[in-house]
Amino acid sequence: ELHVLNHPLVEHKLTVLRDKNTPSSTFRELVSELVMLGHEATRNLSVVAAPIETPVAPMTGKKLASPRPIIVPVLRAGLGMLDGMTRLIPLLIGFLGMKRDEEHPTQQVTYANRLPEDLSGRQCFLIDPMLATGGTLVAATHYLAERGAKDVTAINIIAAPEGIKYVEEHIAAIDFKVVVCAVDERLNDKCYIVPGLGDAGDRLYGVID
């Protein structure tokens, strides 16, 4: 299931984000703000009845069900989205480090993992600014599924059609959704999204020599 956000503030912030002259400090702030506009991604959070008393009268409200959902930023660019997500929903946080195999763009190398061994019954939110080839998202989703996850939502800022197609062809057997701010034109010969916004990790944290 693919959901593309349609909101004038998303379009405005995304335009500033794409501008190559936007400084890292503003870039980081905008990434966080764009995540907070993505309430659509959390629309189907599981809740249970919660009896409480207000200052006026008793009532039955709702609270998040157990086990708590988990947010999983894909290192390192996904960290730029973490602050916005935890402001939106202060949930359990896991970490997953993956990088693209430069010789095989749709294949990934996992170099870090800080996740519960058992994700059964948890709603999982994968956050990563870019959905380019789709290789990282597919590998990360399979990683979660191997630990029992059945409900995964990917939250990305921009996506390429090639990446969306790859995800559609390689993820099955779980409840899977993708929420993005925009779907761009294509990938170039270096597997960068066009027009895109460049390397999200470098623009968030600077270039590592």
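**A quick tour**

Modeller: Leucine 2 sits in strand β1, residues 2-4. Strands here are DSSP E runs of at least two residues, helices are H or I runs of at least four, and both are numbered from the N terminus.

Colleague: What should I know about the model?

Modeller: It is a predicted model, so local features need pLDDT of at least 70, side-chain atom pairs count only at pLDDT 80 or more, and totals for chains, interfaces and linings use all residues. Residues are numbered from 1 along each chain as its sequence is written, and side-chain values use heavy atoms, with hydrogens and water left out.

Colleague: How confident is the prediction?

Modeller: pLDDT is the predictor's confidence in each residue, from 0 to 100. The protein chain averages 87, and 94% of the residues score at least 70.

Colleague: Where is confidence lowest and highest?

Modeller: Lowest in strand β7 (residues 104-114), with a mean of 70, and highest in strand β2 (residues 47-53), at 95.

Colleague: New topic. Which residues have the most contacts inside the largest nonpolar core?

Modeller: Leu14, Leu17, Met85, Ile157, Ile158 and Leu197; the core has 35 residues. Such a core is a set of buried (under 20% relative accessible area, 1.4 Å probe, protein chains only) Ala, Val, Leu, Ile, Met, Phe, Trp, Tyr and Cys residues joined through side-chain atoms within 4.5 Å.

Colleague: Which element gives the most to this core?

Modeller: α2, with five residues.

Colleague: And is there another core?

Modeller: Another core, of 27 residues, lies apart from it, and includes Met98 and Val167.

Notes:
Buried < 20%, exposed > 50% of the residue type's maximum accessible area, 1.4 Å probe, protein only.
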